[in-house]
Amino acid sequence: MNDVLKLLPDMKSGDDLFSALSELPDYDDNIRNHSQAERLIALSDLYKFYIPSPMTIEIYSKIYLALLRSLQKKTTRTTVLQQNENYRGLQRESYSGIIGGSDSFTIIGTSGIGKSSAIDRSISLLTANGIIETEKPYRRIIPCVVVQCPFDSSVKGLLLEILRKVDESIGSDYYNKSLKTRVTTDMLIGSVSQVAINHIGLLVVDEIQNVVSSKNGRNLVGMLTQLINNSGISICMVGTPECSIFFEQALQLARRSLGLQYSALPYNEFFSKVCKTLFSYQYTREKTEINDAITEWLYEHSGGIIAVVVSLIHDAQEIAILGGKEQLCLETLNMAYKQRLALLHEYIEPTINQGKQTATNRNAKYEVNILGNDIVEDIAVSVAQTVNDAKRKNKNIITLLKKHFPVEEVRV
């Protein structure tokens, strides 16, 4: 155990881990006095921003421990026996997986919440020491190999991509040799299993949701299961929530779906902290301060997805600089939401609980009083969207409004 731990960077935790995973772009407040072009170029640094969430911390720990278990298996006698079995498979003989293990797990979460960023940053910490070299036997092991699930869930395509990634990292020639010999899929699984034993610590398969809509989906997941049994490596499958339904269809698939599941952030202290930090990166002439109303607006117009928050604050400033408004405020944020994020409106339904506006539903003969008086313009926009939704879905306007606003009904 201790010998294996020496092969990896020390496992971080607490403040050390938070600091190592964070990335805050350099910022000088004087940039607001620079030319328009300089400010627009500097504004793009906002996309480098990253503050680790509890999800990031959990993903780092899960990946570190999975890699550790994988490396431990490579030192056992069973691994040698499995190599012999895999060699039989390469000779077109029958062979079996004897190393086994239940080392696969999933990371499933809503698109845009930062799964890939969390995985990339975790892997960067795990690979800080570069390629791992072992003695007795001598091996060059890549700590983490990341591949994408083919859009058509091609088993052979994924296996060849794994070989290509290994060649890219250690300078081997497994990919070209496999192409030249025109191996069958069964032989290719044996070849990749052998390569995985010798050179791969953890395999990450991203975009695994592609298996859901493909007729080859079950075959690909079955291949990954066989790869686990024939190599003993840990495999992490990353995808969106639609994967869950696919994996739940059968016990052997459900067992492979055990892992981490995430949704958008709740409206809490962490979300407020992220918004406050992002808001401090201002490139407009005028500087404004964030308040509770803006934080709530950002949550309700992003659905709790940090990637959308970053886009809103970036595009609002871009619009403000190009249009001469020169201020990051609710007006420019609203413009960014309506002009730049139009394609997301079907997935993000804003529910502003502030502002004061009166709307009359003539058909129902009700007067609806929306209480408060902070964000009148945004309320008007939200009411208009709600009216459109009611028409499109053929639902009662009052019922929909009650979901989003405190209302008082007065019969007239």
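Buried means under 20% relative accessible area, exposed over 50%, and partly exposed anything in between, with a 1.4 Å probe and protein chains only. The model in these views is predicted, so local features need pLDDT of at least 70 and side-chain atom pairs count only at pLDDT 80 or more, while totals for chains, interfaces and linings use all residues. Residues are numbered from 1 along each chain as its sequence is written, and side-chain values use heavy atoms, leaving out hydrogens and water.

**View A. Gly324, a loop glycine.** Gly324 counts as exposed because its relative accessibility is 52%. Look for Gly324 in the loop between H15 and H16; helices (H or I, at least four residues) and strands (E, at least two) are DSSP runs, numbered from the N terminus. Gln36 is 288 residues away along the chain, with 9.9 Å between its C-alpha atom and that of Gly324.

**View B. The largest nonpolar core, around Ile59.** This core has 65 residues, and Ile59, Ile107, Leu202, Leu312, Ile313 and Leu333 have the most contacts inside it. (A nonpolar core is a set of buried Ala, Val, Leu, Ile, Met, Phe, Trp, Tyr and Cys residues joined through side-chain atoms within 4.5 Å.) Apart from it lies another core, with 37 residues, including Val147, Met187, Val211 and Leu220. Beyond its neighbours within four places in sequence, Ile59 is in contact (heavy atoms within 4.5 Å) with Ile107, Ala118, Ile119, Ser122, Leu260 and Tyr262.

**View C. Cys144 in strand S3.** The strand covers residues 139-148. Cys144 is buried because its relative accessible area is 10%. Setting aside neighbours within four places in sequence, Cys144 is in contact with Ile123, Leu126 and Leu202. Its C-alpha atom is 9.5 Å from that of Ile131, 13 residues apart along the chain.

**View D. The largest pocket.** Its volume is about 680 Å³. On a 1 Å grid over the protein atoms alone, a pocket is an open set of points where a 1.4 Å probe fits, with protein on both sides within 12 Å along at least five of seven lines; lining residues have an atom within 4 Å of a point. Grid points are joined across faces, edges and corners, and the volume is the space filled by probe spheres set on the points. Of the 39 lining residues, Met55, Gly112, Ile113, Gly114 and Lys115 are the closest to the centre. Helices H4 (54-73), H6 (115-126), H13 (269-279) and H15 (306-323), plus strand S5 (234-239), each give two or more residues to the lining.

**View E. Phe49 meets Tyr281.** The ring centres of Phe49 and Tyr281 are 6.4 Å apart and the planes sit at 70 degrees, so this is an edge-to-face pair. (Rings of Phe, Tyr and Trp, its six-membered ring, pair if their centres lie within 6.5 Å; planes under 30 degrees apart count as stacked, over 60 as edge-to-face and the rest as tilted.) Phe49 is in the loop between helix H3 (36-43) and H4, and Tyr281 in the loop between H13 and H14, 232 residues apart. Both are buried, and together with Tyr27 and Tyr283 they form one aromatic cluster.

**View F. Helix H14, with Trp297 and Thr295.** Trp297 in H14 pairs with Tyr337 in helix H16 (residues 330-340), 40 residues apart. Their ring centres are 6.3 Å apart with planes at 80 degrees, so the pair is edge-to-face. Thr295 lies in H14 too (residues 292-300), and counts as buried because its relative accessibility is 6%.
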